[in-house]
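Please have the sequence and the model in view while I talk.

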Amino acid sequence: MAVVVSDTSPIRTLNHVGQLDLLSHLFNEVLIPPAVRDELTRPRSRFKAISIDAIAGARLQIPSDTEKVQQLRNELQAGEAEAIALASELKVDLLIDEIAGRAIAMRMGIHVTGVVGILVEAKKRNLIPAVIPRLNRLHNELGFFLTDKLINDIRRDLKE
């Protein structure tokens with residue numbers, strides 16, 4: 001188990017499928033930058049507010065490299081920029097789903113995992129019985145983008 005930084009989307013989507021507790025089973029600590037906290041507690045209308053106090057093992061952490069945050073803000077939203085800057089600063093993995101943010105983080109040498117990776121790992125550790133039904137909910141209820149190839153690979157690899 002490790003320390004990770006999280007962007008908004010993995011927390012929001014895990015909460016949507018009732019699996020927010022997986023974070024505390026998979027990671028020792030989940031660091032959440034202020035902009036991510038703000039996005040979680042003051043979401044757009046279709047999402048429920050989530051307090052970081054409700055996430056076991058989570059705590060607020062402010063990135064110290066404000067210049068890096070500002071540079072990243074030229075291309076990304078505030079939460080993504082702070083999450084990437086903090087993961088880079090602490091040299092830890094990043095939980096993020098957005099394509100642009102993932103690409104930038106990977107170019108910076110940060111290992112990234114999204115909600116799909118979290119659910120797959122949870123299934124491998126017998127923390128959940130199946131991944132596909134949760135992914136179907138994310139796709140159908142939130143419009144979460146998943147390719148047919150990804151779904152078929154998960155079905156094959158996890159025998160679902």
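Predicted model: local features only at pLDDT ≥ 70, side-chain atom pairs only at ≥ 80, totals over all residues.

Let me begin with strand E1 (residues 2-6) and strand E2 (residues 27-32), which run parallel and are joined by four bridges. Residues are numbered from 1 along each chain as its sequence is written, and side-chain values use heavy atoms, with hydrogens and water left out. When I speak of helices (H or I, at least four residues) and strands (E, at least two), I mean DSSP runs numbered from the N terminus, and two strands pair if DSSP finds at least two bridges between them.

Within this pair, Val-4 has Val-30 in E2 as its bridge partner. Both strands belong to an open sheet of five strands, with parallel pairing and the order E3-E2-E1-E4-E5. At the edges are strand E3 (58-60) and strand E5 (112-113), each of which pairs on one side only.

Helix H3 (residues 34-41) packs on the sheet and touches E1, E2 and E3, where contact means heavy atoms within 4.5 Å. The direction of H3 makes about 85° with that of E2; here axes are lines fitted to C-alpha atoms, for helices over the stretch in contact, and angles run from 0 to 180 degrees between N-to-C directions. Which residues of H3 are buried? They are Pro-34, Ala-35, Val-36 and Leu-40, and the elements covering them include E1, H1, E2, E3 and H5. Buried here means under 20% relative accessible area, exposed means over 50%, and partly exposed lies in between, with a 1.4 Å probe and protein chains only.

Leaving aside neighbours within four places in sequence, Thr-113 is in contact with Leu-94, Leu-95, Ile-96, Arg-102 and Ile-118.

Ser-88, in helix H5 (residues 78-90), is also buried, with a relative accessible area of 19%. Not counting residues up to four places away in sequence, Ser-88 touches Lys-68, Met-108 and Ile-110. With Lys-68 there is a polar contact between the two side chains, at 3.3 Å; such a contact is a pair of N or O atoms within 3.5 Å, and within protein one must be able to donate a hydrogen and the other to accept it, with residues adjacent in sequence counting only if both atoms are side-chain atoms.

Lys-91, in the loop between H5 and strand E4 (93-95), has a positive phi of about 55° although it is not a glycine, and at 72% relative accessibility Lys-91 is exposed. Asn-126, in the loop between H7 and helix H8 (132-142), has a positive phi near 60°, and at 69% relative accessibility Asn-126 is exposed.
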